[in-house]
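Biologist: I am new to this structure. Could you take me through it, beginning with the core?

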Amino acid sequence: FQQAGRAARYDVLRANVERANIEPLVIQAQNDRELAVLDLKRLLNIPLTQPVALTTNIDSDASQAIIVALADTTLLPDRSSLRSAELTVSARRAGIKIARADLLPTVSVSFTNGFQAFPPLGFGIPTSRGFAANSFCADGASPTQKCQNGGWFTDRSMTATVSLPLFDGMRARSNIDLARAQERLAETQLQLAREAVAVEVGRARAELNRARTVFMARQQTSADAKEAFQLASLRFSRGLSTQLEVSDAQLALLTAESTEARATYDVFLAAAELARALGRPIPLPPTT
């Protein structure tokens, strides 16, 4: 246009300066992308020399679905820390019942079954079952007398014992008090865990609302910048505006689109943080 006499030298210089000012941003963006790829390979334990291709896409439409899925305020957190604290309280309550068992009487029953042998002479090992009869007695014994044959006789015994703790030095009462104190401590820890999770969920939900508000505003800004660029291009083609106006409109459009992409990225991160706080699966970007 300058060579054709339709643009001034000032416009050319201004366009060159704007281009030179944008080049460092491009270089910085390329460097940030390379660093992000290296960080991704490190997290996924992929060799640094292996090429990778992303299969996910930061989609603004998908972020709307994620926001709707997590916007329900009736969703209750399902965290492993809360379940662990609740189970600890249940265990401490059962410990009180166990400690109270020391106040109850103890009943024990035992049964013993065995065999005994009484050899009449020497230390020989009996080889028969034990019997008692008059025929085993020595000569001259009374007819009513019975003697054993030196065999194995069954020996059975049963014992029943009932013990009642009358005084144990307040040991049982101390164990009960200790179990109750552990229960109160577990309940306090459960309450603290619930408060911490509630605060975490509240912060994550507030961050998601902020990211959603910014995202909606950036979407409108991007749409307005796109329309402005189209109008500037149309005016330039009709000779009603200069190339600088088109460049300014294009730069504003690129800035608005970059800001919208960043807002979409923030929505995904806020949704992931809220899902983690609620103990739910992390929503991932859709695959291309």
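Modeller: The largest nonpolar core has 21 residues, a core being buried Ala, Val, Leu, Ile, Met, Phe, Trp, Tyr and Cys residues joined through side-chain atoms within 4.5 Å. Buried means under 20% relative accessible area, exposed over 50%, and partly exposed in between (1.4 Å probe, protein chains only). Ile66, Leu70, Val201, Leu208, Val267, Ala271 and Leu274 have the most contacts inside this core. This is a predicted model: local features need pLDDT of at least 70 and side-chain atom pairs 80 or more, while totals for chains, interfaces and linings use all residues. Residues are numbered from 1 along each chain as its sequence is written, and side-chain values use heavy atoms, without hydrogens or water.

Biologist: Which helices each supply at least two residues of this core?

Modeller: Helices H2 (60-70), H4 (171-237) and H5 (243-278) do; helices are DSSP runs of H or I with at least four residues, numbered from the N terminus. H5 gives the largest share, nine residues.

Biologist: What does Ala271 touch?

Modeller: Leaving out residues up to four places away in sequence, Ala271 touches Ile66, Leu70, Leu208 and Pro283, where contact means heavy atoms within 4.5 Å.

Biologist: At what angle do the axes of H2 and H5 cross?

Modeller: They cross at roughly 30° and come within 10 Å; axes are lines fitted to C-alpha atoms over the stretch in contact, with angles from 0 to 180 degrees between N-to-C directions. That makes H2 roughly parallel to H5, a term for angles under 35 degrees.

Biologist: Changing topic, where is Asn45 found?

Modeller: Asn45 lies in the loop between helix H1 (9-44) and H2. Its phi is positive, about 60°, although Asn45 is not a glycine.

Key
Parallel < 35°, antiparallel > 145°, perpendicular 65-115°, else oblique.
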